[in-house]
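Dear colleague,

I am passing on the structure below for you to look over. My notes on it follow directly after.

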Amino acid sequence: MHSKASLGLALGIMAMSGYGVMAAWAWPWTASLFPLAIGIPVFCLAAVEALWVLFGRTERGETKDFQFSHDLPEKEILKRTGLAAGWILGFFAAILLLGFPLAVPLFVFLYLKVQGREGWLFSAVLTGAAWLFFYGLFDQLLHLPFPSGWLLEWSGLF
């Protein structure tokens, strides 16, 4: 039963992503970039899953329920979960207040320095690489305008 469901799901995903790729193929480059960049790998991964179900081992190992950890106390798990949620919410707040072009490098730098406890040089180099990738892809290549953050709008700087 499990393999039939996996095969059906894989074939359904292949059909949807294949349709998305074929439909996007005739679009202008900037409009089709995202559907093609997502659709082609999704189609390939679904095809691999379908082949695995069809030709892979028929014996299935013991399934396991998702568990956070066996060896950590619940208080530590909650602390780590809260810390991760705090970083995510902080990133969202930085996007709203400063806008994407400033929030991305700020978040990368702060995360590497504070959470990762990395050195200044490593943090600065990786932050520069992240900003260069972000700026090159979204601003220079795709020409996507990002709105200014609330603080920048309110201050009249941008």
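Of the 158 residues of the chain, 18% count as buried, that is, with under 20% relative accessible area, where over 50% is exposed and anything in between partly exposed (1.4 Å probe, protein chains only). This is a predicted model, in which local features need pLDDT of at least 70 and side-chain atom pairs count only at pLDDT 80 or more, while totals for chains, interfaces and linings use all residues. Residues are numbered from 1 along each chain as its sequence is written, and side-chain values use heavy atoms, with hydrogens and water left out.

The pLDDT (the predictor's confidence in each residue, from 0 to 100) averages 88 over the chain, with 90% of the residues scoring at least 70. Confidence is highest in helix α4, at 94, and lowest in helix α6 (residues 150-155), at a mean of 87.

The secondary structure comprises 6 helices and 0 strands, taken as DSSP runs (H or I, at least four residues, for helices; E, at least two, for strands) numbered from the N terminus. Of the contacts (heavy atoms within 4.5 Å) in the chain with a separation of 6 or more, 52% come from residues 24 or more positions apart.

Helix α3 (residues 74-98) packs with helix α4 (residues 100-115) at an angle of about 150 degrees, their axes 8 Å apart; the axes are lines fitted to C-alpha atoms over the stretch in contact, and angles run from 0 to 180 degrees between N-to-C directions. Residues that make this contact include Trp87 and Phe91 of α3 and Phe107 and Tyr111 of α4.

Best regards
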